[in-house]
Structures are given as structure tokens and as C-alpha cells.
Amino acid sequence: MKKILSVLLVAMASQLVWAQGAPGSVLGSVSALDGLVTISRGDRLVSAAVGSDFSQGNRIVTTAGASATLSFKDGCQITLKANQSLIIDKDLDCKALLASVSTLGDPAVAVAGAGSGGGPLVIGGTIGLGLILINQNNSKLSGS
């Protein structure tokens, strides 16, 4: 049952409309990706792919076993490891952006997300990601 629910949640997230920002607002793109990585864009949650753009305020999240390299237009490159998150902030330089990378489960992640106006879709996506992580952990424990 958990596996079916996980697959359905991933499928729903994949089918969401791709929300592109205005051409001037794109700050960079995903240049490398391994595993499930999502981008929160306001009230939309999309599955990232190589070439996916990101803009001010977007939140990039990697799941268990996933990683992503973010290439900014100013030349900055940041690699997110498994279970990490970054909120894009155009006012931060590369070093400050790197320092703002959070690990999922870290209390700072909950605080950073508070009041961001993500809405029910982001909350649903976060719950879905949690269910996926639980399912992956249960599979490892059961030997399947």
C-alpha cells in the first residue's frame, strides 16, 4: 500500500504544470541531477530535470539518495547532497548561499519554510516526500 501511495504521489508531482518565471527572473538552472529532486515555485511543486530553471524564492529539495548541482548565471555552482534543501535568494553571494543549505529534518528547514506562502500543494508535496523516504527506509530494513 505504501509503495502504491508513493508512486501515485510522485506521478502527481510530475504532472504539475511547469511554472516558468519571467525571462529576467531566472537565476540559474540544474546542471546535474541524480534521483528525485523537486523545485517549489510559489504554490507549485515540480520534479526537477537537468536544465530546469530556478528563480528568486524557489526551493530545491533532494530526497534520500539524490543529488543536484545548481549552476547560477553569476558562475556560482552548488551541489546539494541527499536530503538537503536550498531556498534561492538573489541577494546572497555564492558563499552565503552555500552556507544556507539545510539538511532535511534540521529545525532550520522548518523555520525557513514558515510563512513562505507555499500553500497546500507544497505541504502535500512535503508529506509525499516524507512518505517516499519512509518507504525507502522500510524497504532497506525489510531487505526488499
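**Close-up views of a predicted model**

**View 1. One aromatic pair turns up when the whole structure is searched.** In this predicted model, the partners are F54 and F72, with ring centres 4.9 Å apart. Their planes meet at 65 degrees, and since planes over 60 degrees apart count as edge-to-face, the pair is edge-to-face. F54 sits in strand β4 (residues 53–55) and F72 in strand β6, so the pair ties together parts that are 18 residues apart in sequence.

**View 2. Buried or exposed: how do F54 and F72 count?** F54 is buried, with a relative accessible area of 0%. F72 has 9% relative accessibility and counts as buried too.

**View 3. Here are the neighbours of F72.** Leaving aside residues up to four places away in sequence, F72 touches L27, G28, F54, I78, L86, I88 and L97.

**View 4. The largest nonpolar core holds 19 residues.** I60, L70, F72, I78 and L86 touch the most other members of this core. Strands β1 (26–34), β2 (37–41), β6 (67–72) and β7 (77–80) each supply at least two of its residues. Which strand gives the most to this core? That is β6, with 3 residues.

**View 5. Stepping back, the chain has 4 helices and 9 strands.** Starting at the N terminus, the elements run α-β-β-β-β-β-β-β-β-α-β-α-α. Of the 144 residues, 35% are buried. Among contacts with a separation of 6 or more, 53% are between residues 24 or more positions apart. The chain exposes about 8000 Å², with carbon and sulfur atoms supplying 62% of that area.

Terms used. Residues numbered from 1 in each chain as written. Predicted model: local features only at pLDDT ≥ 70, side-chain atom pairs only at ≥ 80, totals over all residues. Heavy atoms only, no water. Core = buried A, V, L, I, M, F, W, Y, C linked by side-chain atoms within 4.5 Å. Buried < 20%, exposed > 50% of the residue type's maximum accessible area, 1.4 Å probe, protein only. Contact = heavy atoms within 4.5 Å. Areas by Shrake-Rupley, 256 points an atom, 1.4 Å probe, with all protein chains shown as cover. Phe/Tyr/Trp six-rings, centres within 6.5 Å; stacked < 30°, edge-to-face > 60°.
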